[in-house]
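Please open the model in your viewer and keep the selection tool at hand. The stops below proceed from one selection to the next.

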Amino acid sequence: MYRLVFLTGKFKGKRLAIEEKSVKAGRDPDCVIRLPDDEASRQHALFEQREDGVYVKDLGSTNRILVNDAPTQEARLNHGDRIELGNTLLQFQRITHADAGTGRRISHTQTVTGATVAVIILLQIAFLLFLVARHKDLTSIPEAAPTNVPVPLLVEKIELASMETDDEEATFAQAESLLQRREEEIRQAQAQPPPEPGPDDEVMQDLRQLREEVAGLREQLGVPAPVEPEIEQPAPEPPPAEPEPAPAPPVEEDPLTVRAQAMLADALADIARLNLVQADEKLARIQLMAPDFLPAYIERARLHEQRGQLKQAGEQWAEVLNRSMGTPLYEQAAAERIRIARTEAAARVAAPPETRGAKPEGRLERRIRITDIQQERFPKNEQFEEMRLLRIILKPRAGERNVDAYHIEVVVTFFDENTETREVRPTRAVVPKEPLRVDGEWRPNQERTLTAAYIVPRGLREEEFAKHEERMLYMGYVVQVYYRQELQDVEARPKTLLDKVDSIPSPFHKPPDTAPPPPPAGN
């Protein structure tokens, strides 16, 4: 058993105790150690307990694994080792010895406690046996009293039988006193007419007298009186419960519908990132896979309208209209179809006669998209403290054949974060200052890769702190793709940096001409 302590990141200060033989760490939801870190791969590392210790193994991550600042593919961990997975720093701690010591302390305490409880129980049993024996000695009657003896005489016999016999003179004195008291009671009883006794009076008096004697003995010995058990009244029977209706059988979802919903979520995410061409392709695939999945038609109609393609938007609403007859969605589709048709007609009327039916000049469709961005982090060395490499993969839109690679420009902006104020700003590290360009001919459906580097030379962070009093760390990047000075696609990591897109200056902005005016011509 061992422990991983989070030294950085969202879970900084948290401790995770692990007993499993092997666990995976990464961004994937199936990983036992889930890392909320964009720099970590989906399945970044494997922690494995073997006979000779705990090992960490690289699962083919993009940014590798660093153990005590040294890159490794597999390493045996020692107590206190620091493991870096992306931007997340962990510390390995063994807790086997601590657990064993705790177990020994608990075992000793349990032994002492058990012995003490056993002694107390034995003392209680001995005390109870003593009370029972004492009670029998005090309440025993030496001989049975005849049934025809009056109750007072019976009591006198009991009292005489209970007197001490060691001192004969004291015994006779007590007996003589008792007889005198009895004679006085008899005289008083003869002077008054006796009440008519009931059939059970003598028995009740005997029981009452015995109860009083037993109560007196209990008070002398300190034995609590027994608690008479209460007779529980039978609870009224509840009314018979009405039988519950049988639950409806679970409705199994159509696998195609589940898949279409997942693809729709991806398409909406692309729309939020302005990857409009990629989103349109995903929506088209949904329509081919699940033709009756109407949300795909609705979102594609809205996407076409967002891109100014009113005719295509109207066609999508027409499909919704044909497939939703008899449902509440039918009226919405009819209203949207009419609205799109009116908007399209108004646009044609407002356009000049020579431009009707032609594409507005200066307006381009999305023709280039980002298919993937791969990031690699290199271990620090004598020349630089940190180095990252971005590989940006571009691809033309499906069916696009007339892309001029000369007019493609890719702007990469790296950002750093202030460790104290959490302010995010463009980095001062060594990064590309000019847009990246595509070289050579670009054939249809061909992918092209561009590379951008992020380098922090040795001493830059110390110089930065000395000059600006700021501790900065790498935050992420924003990639913008332009074709003929028209924005085609945007990608950022983390996604929160998309809010910084508006603050990035356009690469096509030209500073105003500040040259002094020419001198006036001489006369």
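Select strand β13 (residues 384-396) together with β17: ten bridges join the two strands, which run antiparallel. Strands here are DSSP runs (E, at least two residues) and helices likewise (H or I, at least four residues), numbered from the N terminus; two strands count as paired if DSSP finds at least two bridges between them. This is a predicted model, in which local features need pLDDT of at least 70, side-chain atom pairs count only at pLDDT 80 or more, and totals for chains, interfaces and linings use all residues. Residues are numbered from 1 along each chain as its sequence is written, and side-chain values use heavy atoms, with hydrogens and water left out.

Within this pair, pick E386, which stands opposite V456 in β17.

The three strands form an open sheet in the order β12-β13-β17, with antiparallel pairing. β12 (368-378) and β17 (448-457) are at the edges with a single partner strand each, so one side of each has no neighbour in the sheet. From one strand to the next, the twist averages 20 degrees.

Next, display helix α10 (residues 460-468). Helix α10 lies across β13 and β17 and runs at about 60 degrees to β17. Such angles run from 0 to 180 degrees between N-to-C directions, the axes being lines fitted to C-alpha atoms, for helices over the stretch in contact; contact means heavy atoms within 4.5 Å.

**Second stop: a five-stranded sheet**

Move to the open sheet with the order β4-β3-β5-β6-β9, where the pairing is mixed. Its edge strands, β4 (33-34) and β9 (74-76), each pair on one side only. Strand β6 (residues 53-58) is joined to β9 by three bridges, and the two run antiparallel. Select V56 to find its bridge partner in β9, A75.

Centre the view on N275, in the loop between α5 (255-272) and α6 (276-289). Is N275 buried or exposed? It is buried, because its relative accessibility is 3%, where buried means under 20% relative accessible area, exposed over 50% and partly exposed in between (1.4 Å probe, protein chains only). Leaving aside residues up to four places away in sequence, N275 touches D270, D489, V490 and E491.

**Last stop: the whole chain**

Finally, select everything. The secondary structure comprises ten helices and 19 strands, and 31% of the 523 residues count as buried. Among contacts with a separation of 6 or more, 55% involve residues 24 or more positions apart.
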